[in-house]
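Student: Hi, could we go through this model together? I have a few quick questions.
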Amino acid sequence: MASYAVKEMFLTLQGEGVQVGRRAVFLRFAGCNLWTGREEDRATAVCTFCDTDFVGLDGDHGGRYPDADALADRAAALWGDFPEPFVVMTGGEPLLQIDAALVAALKARGFEMAVETNGTQPAPDGIDWICVSPKQGSDVVLRRGNELKLVWPQPGLDPDELAGWDFDHFLLQPMDGPNLSSAREAAIRFVLEHPRWRLSTQTHKVVGIR
Ligand SMILES: C[S@@+](CC[C@H](N)C(=O)[O-])C[C@H]1O[C@@H](n2cnc3c(N)ncnc32)[C@H](O)[C@@H]1O
Ligand SMILES: Nc1nc2[nH]cc(C(=O)O)c2c(=O)[nH]1
Ligand code: SF4
Ligand SMILES: [Mg+2]
């Protein structure tokens, strides 16, 4: 039976993408295949701009969960006594760990499931909402889903090529970091010229929630 390495779990509002503002349990898995998460490796990683600490098991409700039921029980407890539970699985790279047993355990507790992924791994069946965020220099195998959320700008990644992939929504998300304001301006300019794309703002950072 699989065990799961979890960095943290918390209740918040989805800050990004088409489902922005929605109450959600965030389940952040530890580990990623495109960066070790160590600052000394950032410059040589495939993904160099990550805004997230996904190393270790030491966050709120983090730990090694022995099985899918234990993890789904914790997610249900965090959601609390409300209808229509919603979980966003992220990381790190969640598709390194999400398996059929976890999907089934969450489904059995009534969860609607979303995933935030870099798209380099196939997704198991049964996930309700797939957000793929491609990274320049990686091999994206998951080219269909609900939303494609491109962190912008990423030199070498051409949005016109991605626009042929099979997604319902195409989003540009300005890259947070030292050049955030110019990234924002570039994204706004791009959307004004390419109405197929929408701007995704990381609203949780603006309003000061997790
Ligand atoms: C931390 S990642 C975890 C999920 C998965 N590994 C991925 O990259 O999609 C969550 C989301 O944050 C985005 N992201 C990471 N660093 C960012 C940054 N500096 N600015 C804007 N978005 C960022 C990712 O592209 C992804 O959409
Ligand atoms: N509020 C909030 N919304 C988010 N949407 C995607 C996030 C992520 O790190 O995957 C994230 C996050 O870390 N916090
Ligand atoms: S792929 Fe996702 S989790 Fe991994 S380093 Fe990039 S943004 Fe961070
Ligand atoms: Mg985040």
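Student: Is threonine 52 buried, exposed or partly exposed, and why?
Tutor: Threonine 52 is partly exposed, because 13 other C-beta atoms lie within 10 Å. A residue is buried if 20 or more other C-beta atoms lie within 10 Å of its own, exposed if 12 or fewer, and partly exposed in between, with C-beta atoms placed from the backbone. Keep in mind that this is a predicted model: local features need pLDDT of at least 70, side-chain atom pairs count only at pLDDT 80 or more, and totals for chains, interfaces and linings use all residues. Residues are numbered from 1 along each chain as its sequence is written, while chains are lettered from A and ligands numbered from 1 in the order in which they are written.

Student: What does UniProt place at Thr52?
Tutor: An unreviewed UniProt entry puts the feature "binding site" at Thr52. UniProt positions follow the numbering used here, feature names are shortened, and annotations may be inferred rather than shown by experiment.

Student: And where is threonine 52?
Tutor: Threonine 52 is in the loop between strand 2 (23-29) and strand 3 (63-65). Helices (H or I, at least four residues) and strands (E, at least two) are DSSP runs, numbered from the N terminus.

Student: What about the backbone at histidine 61?
Tutor: Histidine 61 is not a glycine, yet has a positive phi of about 55 degrees. It also lies in the loop between strand 2 and strand 3, and is partly exposed, with 19 C-beta neighbours inside 10 Å.
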